[in-house]
Every structure is written in C-alpha cells, then in structure tokens.
Amino acid sequence: MKFIISSTELYHHLSLAYGAISRNAVLAILENFLFELDNGKLRITGSNLDTTIVTESEDLDIQESGSLAIKANILIDTLRDMPDQPLEFKHENDDHNISLHSSYGNYKIPCEAAEDYPEMPSADTVEFSELPSNDLEDMINTTIFATSN
C-alpha cells in the first residue's frame, strides 16, 4: 500500500470519520481508521459498531492499492497542527506500522490488518420510517434542553 495525499485533505476526511470512533471501544480494532485504496479513491471508515462514518477522497496519487486499519488517535494528533504539504504513506506487507513521510520528518504509525475490521451492515438490513417534519420538529424542541453544547 502506497499513496500520496495533501495533509489538509486527509485531515479533513479524518476529522469527519473520527466522530464515530469511541475512546472506550468494545473491540480494540475500532480504535482505528479503516483505509481502503481502490479504483483511484481512498475510503476512510470510522466506526463504534453503533455509528459508522465513511468518507472518500479522489484527490490523491495511489501508487499501490490495499487496505489497512491505522491507529486513529495517533494519526489525527500527528496531522492536527501540520501545515498543508504532500504526505507519502507506505506500508510493507507483514509490517505492523505504516510509514508517513513529510517535510517535517518521518513517522511510524501502528496499524493492523484490514480483515480484522468489522463489516458495515448492508443497506438491505436497514429499515426506514417516515415521520412528518412537524412531529420531528416538536420532538427536537421538547428534548433540546437535555443536550450539551
């Protein structure tokens, strides 16, 4: 697995998917982002088994396809204050780290096999209900006081 992406582009997608990652995950693998490189796209998944967020980027240079689960908190903390620059990610088979090369230095971030990441539910198992918008607005207005900022 090898690709090059802008640090701000990647951080934008990571911050979206990070909303689904729990600090006290039921499974250790859920403390990771799932990276999948295929067909010119990078798909990033974050999940806590109740909520799953998937985001895709096409603004990158894929040199080798593959998939990998990368430690979320370490990756997002590394990119948080990094200025916009190209980042090169490289993973060798049988290695438990992914190499990140930037103009500020080289980093090794722990990773795991993508096969260990739980599968998302398929769309045919999801049930939808219709609700009039006025009823939804009333429900939100009567419970909004109980939410935090």
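H1 passes H2 in a left-handed crossing, a term used when the near helix is turned anticlockwise from the far one by less than a right angle, with clockwise giving right-handed. The contact (heavy atoms within 4.5 Å) involves Leu-10, Tyr-11, Leu-14 and Ser-15 of H1 together with Leu-75, Ile-76, Leu-79 and Arg-80 of H2. Six of these residues are nonpolar, one is polar and one is charged; Ala, Val, Leu, Ile, Met, Phe, Trp, Tyr, Cys and Pro count as nonpolar, Asp, Glu, Lys and Arg as charged, and the others, Gly among them, as polar.

The axes of H1 (residues 7-17) and H2 (residues 72-80) come within 10 Å and cross at roughly 135 degrees. H1 is therefore oblique to H2. In this scheme, angles under 35 degrees are roughly parallel, over 145 roughly antiparallel, 65 to 115 roughly perpendicular and the rest oblique. Axes are lines fitted to C-alpha atoms, for helices over the stretch in contact, and angles run from 0 to 180 degrees between N-to-C directions.

The model is predicted: local features need pLDDT of at least 70, side-chain atom pairs count only at pLDDT 80 or more, and totals for chains, interfaces and linings use all residues. Residues are numbered from 1 along each chain as its sequence is written, and side-chain values use heavy atoms, with hydrogens and water left out.

The protein has three helices and nine strands, which are DSSP runs numbered from the N terminus (helices H or I, at least four residues; strands E, at least two). Their order along the sequence is β-α-β-β-β-β-β-α-β-β-β-α. Of the 149 residues, 32% are buried, where buried means under 20% relative accessible area, exposed over 50% and partly exposed in between (1.4 Å probe, protein chains only). Among contacts with a separation of 6 or more, 62% join residues 24 or more positions apart.

| Residue | Strand | Relative accessible area |
|---|---|---|
| Phe-33 | E2 (residues 32-38) | 0% |
| Lys-2 | E1 (residues 2-6) | 19% |

Not counting residues up to four places away in sequence, Phe-33 touches residues including Leu-14, Ala-17, Ala-72 and Leu-75. The C-alpha atoms of Phe-33 and Leu-14 are separated by 8.1 Å, with the two residues 19 apart along the chain. With neighbours within four places likewise left aside, Lys-2 is in contact with Leu-37, Asp-61, Ile-62, Gln-63, Glu-64, Glu-88, Phe-89 and Lys-90.
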